[in-house]
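Please walk me through this structure in plain terms. I would like to follow how its parts are held against one another.

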Amino acid sequence: MNRESFKYLVALSGGADSVALLCGLHSLGYRVEAVHCNFHLRGEESDRDERFCQALCKKLNVPFHIALFDTLTYAQLHKISIEMAARELRYRYFEQLRQDIGAAAVCVAHHRDDNAETVLLNLIRGTGISGLAGIAPRRDHIIRPLLNVSRTEIRAYLAAIRQDFVTDSTNLVDNAVRNKIRLNIIPLLAEINPSVSESIAKTAERMREAEKIIDHSLTEVAQHICEPRERGFAVSIAKLQNTVSPEYTLYHLLNNHGFRPAQIEQIANNLDAETGKEWHSETHAALIDRGFLLLEPIAPAPARPMTIPEDGTYCYADEIRFRCSSMAISTDFRPSRSPDEVTLDASHIRFPLIIRRVKPGDRLIPFGMRGSKLVSDFLTDSKLSLFEKRRQLVITDSSDQILWLVRLRPAEPYRVTSATKNVLIIKILG
């Protein structure tokens with residue numbers, strides 16, 4: 001941390017840890033501003049904390065920012081826990097405020113005992129190496145200057161400078177898992193090893209270093225077994241199964257995409273499943289498809305069909321633009337061969353046209369063929385994945401006859417022939 005060139009935002013709750021962090025950085029000459037979040041979860045106690053933080057910043061002549069949240073409503077709307085809601089709200093606000101005031105980073109007051117509790121909490125829940133590595137000293141623009149300082153040392157510092165603080169009463173009751181660890185398990189372990197928090201913190205530090213080595217190796221493996229796709233990537237199942245640890249390699253690939261350890265274990269145990277087997281996290285979908293495991297973000301709900309009443313440029317679902325234009329054929333005219341453009345005989349087409357997703361039962365007569373074919377069969381023969389089939393677009397005329405299987409094949413009845421005088425050109429714009 002640079003105390004002269006940069007400004008830092010300090011997350012101030014009013015508790016001993018954050019008060020010590022603010023006072024310490026301020027006394028060392030760092031340029032700091034404080035931010036307090038009132039989550040309105042503890043009634044008058046929450047308002048007391050807000051008043052205390054404001055008074056402390058006034059005494060230190062430190063700029064003070066406050067955010068007021070309706071945490072309970074947010075948690076209910078997003079169907080998440082109160083703890084998770086508070087976390088999402090504060091860190092989102094911290095980053096927004098950091099950018100607004102031009103701060104280099106946000107300083108939070110996690111300390112060595114917090115780190116030990118986190119490691120134990122992750123161990124109880126079941127975790128990979130990253131969980132045993134505990135709290136990172138820095139992640140993006142969040143830094144933790146007190147991570148090597150104990151709770152006892154923080155209290156001693158505050159006593160030495162005669163600075164008071166407030167206490168969150170919910171931290172004194174063992175009704176939450178972390179509180180049970182802090183109030184019951186850590187003291188019990190301390191009977192075996194009085195330096196248990198320090199020992200766990202050292203182990204976490206070693207695990208962080210080991211994680212760097214493993215992540216480096218797994219990144220190299222991923223480059224060998226993965227290939228990019230339009231919206232995600234594909235993992236070769238055969239290559240994955242030849243790695244030293246297929247399941248942990250899979251964990252490395254999927255963990256940052258919202259998949260839980262239990263899900264990843266299930267996927268690893270079903271790599272030989274038939275094409276079409278699928279799993280979902282909150283943000284991504286994984287799919288077994290002909291020897292590959294495909295991963296891509298969950299697609300939004302299909303857009304409603306879009307009507308094209310006449311020539312012009314149209315944007316379908318904010319994701320793809322089409323330009324329709326009609327023209328008479330000139331002597332040097334040549335039909336387009338680009339997958340992003342189709343040239344059709346205008347005399348057989350009646351507006352309005354419709355852009356929509358493929359639906360069950362759709363049929364077309366593919367260019368170059370005589371009989372009709374189910375679009376679903378055509379897509380399967382074209383080796384499209386289930387993901388690609390779901391987002392495949394068609395353009396139909398006013399009688400719902402498919403003119404163009406977008407980017408794949410025009411329909412035979414609308415092809416340009418020697419008798420064609422006028423054409424309709426439909427082009428996908430970049």
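A search of the whole structure, which is a predicted model, finds 24 salt bridges. Side chains of opposite charge can pair when their charged atoms come close. Three of these pairs are described below.

Take Asp168 and Arg42, which form a salt bridge with their closest N and O atoms 3.5 Å apart. Asp168 sits in the loop between α7 (151-160) and α8, while Arg42 sits in the loop between β2 (31-38) and α2, so this pair ties together parts that are 126 residues apart in sequence. Asp168 has a relative accessible area of 23% and is therefore partly exposed. Arg42, with a relative accessible area of 25%, is also partly exposed.

Asp114 and Arg151 give another case: their side chains meet in a salt bridge at 3.9 Å, N to O. Because Asp114 lies in helix α5 and Arg151 in helix α7, the pair ties together parts that are 37 residues apart in sequence. Helix α5 covers residues 112-125. Is Asp114 buried or exposed? Its relative accessible area is 9%, and buried means under 20%, so Asp114 is buried. Arg151, by contrast, is partly exposed at 23%. Leaving aside neighbours within four places in sequence, the contacts of Asp114 include Asp17, Ala109, Ile135 and Arg178, as well as Arg151.

Arg407 is in the loop between β20 (402-405) and β21 (409-410), and Asp340 is in the loop between β14 (320-328) and β15 (341-345), so parts 67 residues apart in sequence are tied together. Arg407 counts as partly exposed at 40% relative accessibility, and Asp340 is partly exposed at 28%. Salt bridges can also share partners: Arg42, Glu45, Arg48, Asp49 and Asp168 are joined in this way into one network.

Next come the helices. Helix α1 (residues 16-27) and helix α2 (residues 44-60) pack at an angle of about 10°, and their axes are 12 Å apart. Angles under 35 degrees count as roughly parallel, and α1 and α2 are therefore roughly parallel to each other. On the α1 side, the contact is made by Val19, Leu22, Cys23 and His26; on the α2 side, by Phe52, Leu56, Cys57 and Leu60.

Finally, consider the surface. Leu41, Leu72 and Ile82 make a nonpolar surface patch of about 240 Å². Ile82 belongs to helix α4 (residues 82-101) and, at 33% relative accessibility, counts as partly exposed.

Terms used
Residues are numbered from 1 along each chain as its sequence is written. This is a predicted model: local features need pLDDT of at least 70, side-chain atom pairs count only at pLDDT 80 or more; totals for chains, interfaces and linings use all residues. Side-chain values use heavy atoms; hydrogens and water are left out. Patches are made of residues with over 30% relative accessible area and no salt bridge: like charges are joined within 9 Å, nonpolar side chains (Val, Leu, Ile, Met, Phe, Trp, Tyr) within 5 Å. Accessible areas come from the Shrake-Rupley method with a 1.4 Å probe; for residues, only the protein chains shown count as cover. A salt bridge is a side-chain nitrogen of Lys or Arg within 4 Å of a carboxyl oxygen of Asp or Glu. Helices (H or I, at least four residues) and strands (E, at least two) are DSSP runs, numbered from the N terminus. Buried means under 20% relative accessible area, exposed over 50%, partly exposed in between (1.4 Å probe, protein chains only). Axes are lines fitted to C-alpha atoms, for helices over the stretch in contact, and angles run from 0 to 180 degrees between N-to-C directions. Angles under 35 degrees count as roughly parallel, over 145 as roughly antiparallel, 65 to 115 as roughly perpendicular and the rest as oblique. Contact means heavy atoms within 4.5 Å.
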